[in-house]
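Student: Hey, can we go through this structure together? I'd like to start with the metal and then look at rings and strands.

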Amino acid sequence: MSHFRLYFLTASLFMGLFTVCSAQYPGWQQTADYNMNIVLDTANHQYEGAMVVTYINRSPETLNKVFWHLFFNAFQPGSMMDVRSRTISDPDRRVGSRIVELPEDEWGWQRIESVKVDGTEVDFLEDGTILEVILPKPLRPGKSVSFELAWKAQVPRQIRRSGWMNQEGVEYSMTQWYPKLCEFDHHGWHSNPYIGREFHGVWGNYDVILQVPAGYGVAATGVNTSQRSITLPDGTPGVAHRYKAANVIDFAWAADPDFIEEAVEVDGITMRLVHQANPEIDSNWTALADYAARAMAYINQDIGKYPYPEYSIVQGGDGGMEYPMLTLITGGRSLRSLVGVTVHEMAHSWFQAVVASNESLHEWMDEGFTSWAESRCMAHLFADPMKPESNPHQWAYAGYINQHLSGNEEPLITHADHYKTNRAYGVAAYSKGEVLVEQLGAVVGTDVRDNGMRTYFKEWSFKHPGPHDFKRVMERESGLELDWYFQYMMHTTDAIDYAVESVVADGDALNISLSRRANMPMPQDVKVTWEDGTATLVHIPLVMMRGHRSLGEGEILGQDWPWVDPTYQLTLPTHNLRAVKVELDPEQLQADIHRDNNVIEFDLTKAQEAHQSH
Ligand SMILES: [Zn+2]
């Protein structure tokens, strides 16, 4: 749907409440400060919206038009999201063919009624989930412009993330719900049509008034600054809830008449838990508060301090989805599942909300890093004294390796919307992304990797970094060259398969033959266990790393392994001891696709030759 109008300008400049630091790589970030007034009509599942957005062009380029997201338009038969869901070979079961089957009064839509730029009505074009606004005069570098939008929206029946009446009966899950400026950054515009996947946003300050019927509980991004009794347009009593949020990339909210709230404080952050009063779930949500507080404290230590004053965990949506200062999760879960989804969505606060990489282009930098932080946090929350050595990342490794071996793996550089299957996207973004971080421990050392993650968060908060920015942090932290690692992990589906080919005792020497059987090179760690229980550790760097990780006590540095060489010979003195086991990558940090060939063991109780091979 589109329509055009043209007026001429009167300038009015609306200044936001806060300003965003601009001294950032690549030296600039666009800013969009939103003032919104929303009147919800619960009888028709519609709302009326008005907004004033102050947009500052901090880029070095002159802009002639701007793009906005109209996400709700995806929830109509024939939308790109609908067609994608009905034509992909493994549709998300939550979507399937539900959009094409929606009756018209359950569609989602956003109908723009007018757009003013500095007071002048201007041309605009609605094209599916994207709104294009032509600027009446070029917006030069360093200049700001004020947009005034009036629009009507119909909230879709809840299908994915957003909508009314989700499967648990939560009335309004309001996410991707307002006309939202697309991000323009040093790569250009990011006006991807919405097909139900990842996001990217402009930093800004939000001041939002939500007018809803009296009796509704509301949760939202930001801090509630006032609640005022009003009369709604239909004459019924209402409440205007006002929320302010500083320096966020999005704004989400939820409303339900049965919402109740509990709050906990941790590290000066108020955490709100908002769910429907329901004896079947109340006790789990009460227990969740303690886990959520411990998780917040843990990730504050592990990655860096959460920078916002509040965080809300809200029942709504369809599983779990992260937004700045808030997550929507389904509430009727076992306690463990409730904690798991909360920790995952909360961990997104660091990587999706604050570092905020472009999730569409670099989905693994969001979902993968988040999953990595989640696994560490869950291992902390549910530490099992019976299994202190269990690897919290094992499911990510298994998922990635299985997908690789299936032949259906797609490279991490694939745009999130364009994977051939949902499964390939999921494994790449979540599992391989988590492996990419954990496996760096085998290259730079796990302590250096952990410090690197903290440095990355500190240096790249509020800057939308890309893969090379992350790589450079890890290079600086380790003093090693890592371009090869990211090249293989991001741009190829090559995998790691190193093997112990043979072990031969020859007098005082143990001759170990190693090989690289698959394409991706990696430094190697060899552990030789001797019959008296002692062990020898050897670290073998790659030539192209230009160095090696720091060695542990007693660890031996092997000669560099040139990646072109498929084999490597290692000779160790036996000191008159027989070897019982020779193992590659004993810490299992590498996603080696055939771990069975990493080990050769000798059963010394049986007479056997002191050599063995794969
Ligand atoms: Zn996630």
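Student: What should I know before we start?

Tutor: This is a predicted model, so local features need pLDDT of at least 70, side-chain atom pairs count only at pLDDT 80 or more, and totals for chains, interfaces and linings use all residues. Residues are numbered from 1 along each chain as its sequence is written, and side-chain values use heavy atoms, with hydrogens and water left out.

Student: Okay, which residues coordinate the zinc ion?

Tutor: His-344 and His-348, each through NE2, and Glu-367 through OE, at 1.9 to 2.1 Å. Donors here are N, O and S atoms within 2.8 Å of the metal (3.2 Å for Na, K and Ca); water is not among the atoms, so sites may look incomplete.

Student: And how are the donor residues spaced in sequence?

Tutor: The pattern is H-x3-H-x18-E. His-344 belongs to helix α3 (residues 335-355) and Glu-367 to helix α4 (residues 363-381), so the pair, 23 residues apart, links distant parts of the chain. Helices (H or I, at least four residues) and strands (E, at least two) are DSSP runs, numbered from the N terminus.

Student: Is His-344 buried or exposed?

Tutor: His-344 is buried, and Glu-367 is too. Buried means under 20% relative accessible area, exposed over 50%, partly exposed in between (1.4 Å probe, protein chains only).

Student: New topic: how many aromatic pairs are there?

Tutor: A search of the whole structure gives 35. One of them is Tyr-306 with Tyr-308, edge-to-face, 5.7 Å centre to centre with 75° between the planes. Rings of Phe, Tyr and Trp (its six-membered ring) pair if their centres lie within 6.5 Å; planes under 30 degrees apart count as stacked, over 60 as edge-to-face and the rest as tilted.

Student: Are those two tyrosines buried or exposed?

Tutor: Tyr-306 and Tyr-308 are both buried.

Student: Now the sheet: what order do the strands come in?

Tutor: It's an open sheet of five strands, β19-β20-β21-β23-β22, with mixed pairing. Two strands pair if DSSP finds at least two bridges between them.

Student: Which strands stand at the edges?

Tutor: β19 (259-266) and β22 (320-323); each has a single partner strand, so one side of each is left without a neighbour in the sheet.

Student: And how does β22 pair with β23?

Tutor: In the antiparallel sense, over four bridges, with β23 covering residues 326-329. Glu-322 stands opposite Thr-327 in β23.
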